[in-house]
Amino acid sequence: METITIKDIARALNLSTSTVSRALRNSYEINTETKKLVMEYAERMNYRPNPIALSLRDCKSKSIGVVIPEIANNFFSQLINGIESIAYNLGYHVVIFQSHESYEREVANTNYLVSRKVDGLLISLSSLTTNLHHFEELMEKGLPIVFFDRVPNTIETHKVVADNFAGSYEATEHLIKTGRRRIAHLTSPVYLSITTERLAGYKKALEDYSIPFDESYVKYCHHGGKLASENEVAVQELLDMAEPPDAIFPASDRLTTGCLAVLLKNNIKIPDEIAIVGFTNIGVAELLNPPLTAVVQPAMEMGQQAVELLISLIEHPQKTSSFETRSFKTSLVIRESSAGKIHA
């Protein structure tokens, strides 16, 4: 098939080549209807920009660096699909690195991406990141960075998050309404944004239903669920309590699967003895035994929004007068793992 060019698109739509070019770059100078017309035609005709020509013209690499804790996590893999779906159509390549919940690897990955001249970075912090100097230094030098999911409070830039407070509140409230009163919360390090927000939602639900908050029912896993041994110790400590929980609310994919593994090992009947609600995008949640009740994040959409904000920073830095945090509503999908207690 013959390669289609910007000139071909312009001729077919009776537009100037400069208008088509700006529309394909998602320029603010082009109205929404024209952008839609050009993008749909380009997609239909399988138009793909020439990255070498673009980089020579703009002195840009037309590549974006992404650093996430791990790809083997349903939430992050769905989020990457969202990032790539937008970046590809706008002529950007996506380079993905995993920090594996390591601060040192996060720094090394970031430095490597910068050395390869990426135009900007999309970052979700590792569970062990408390020092943000490597990002602050890059932003001072003018490198566009957008944070998503696990975001820093002290850095001014665009951020994309889920409404962690509301999602956690809804999950905890659901467990309370099914008759649970000793609800444990399995979570990540306390300094991560997702941890503090989800913990706050959990506490607020307990408070609203007059259930005293008990710190001993909260377990922090400092590697964010990556270490199976750490998960096992945390869950086993809950099971060994004088009054073990009648429900557990794990705050991530890894923590949820780790928790389920320990309960299975201890022959705990779910939900009769302990109910489970996971803050997770596990793709096989409904196939588990019993099917898992889950707080689900719109990961694909979050990825799309994050990369759109980043490309806007890359292409129109002078137009950014203020930064925004985009928050997305979660959804609670109720299944058998949190069914009402038989003897409630």
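**Sheet and helix packing in the predicted model**

Strand 4 (residues 145–148) and strand 5 (residues 159–162) pair in the parallel sense through two bridges. Strands (E, at least two residues) and helices (H or I, at least four) are DSSP runs, numbered from the N terminus. Pairing requires at least two DSSP bridges between two strands. Phe148 stands opposite Val160 in strand 5. The model is predicted: local features need pLDDT of at least 70, side-chain atom pairs count only at pLDDT 80 or more, and totals for chains, interfaces and linings use all residues. Residues are numbered from 1 along each chain as its sequence is written, and side-chain values use heavy atoms, without hydrogens and water.

Six strands form an open sheet with parallel pairing, in the order 2-1-3-4-5-11. Strand 2 (93–98) and strand 11 (325–328) are the edge strands, each pairing on one side only. From one strand to the next, the twist averages 15°. Helix 5 (residues 74–89) packs on the sheet and touches strand 1 (63–68), strand 2, strand 3 (120–123) and strand 4. Contact means heavy atoms within 4.5 Å. The direction of helix 5 makes about 160° with that of strand 2. Axes are lines fitted to C-alpha atoms, for helices over the stretch in contact; angles run from 0 to 180 degrees between N-to-C directions.

Helix 2 (residues 17–24) packs against helix 3 (residues 32–44) at about 85°, with the axes 9 Å apart. Helix 2 is therefore roughly perpendicular to helix 3 (65 to 115 degrees). Helix 2 contributes Thr19, Val20, Ala23 and Leu24 to the contact, and helix 3 contributes Thr34, Lys35, Val38, Met39 and Ala42.

Key. Parallel < 35°, antiparallel > 145°, perpendicular 65-115°, else oblique.
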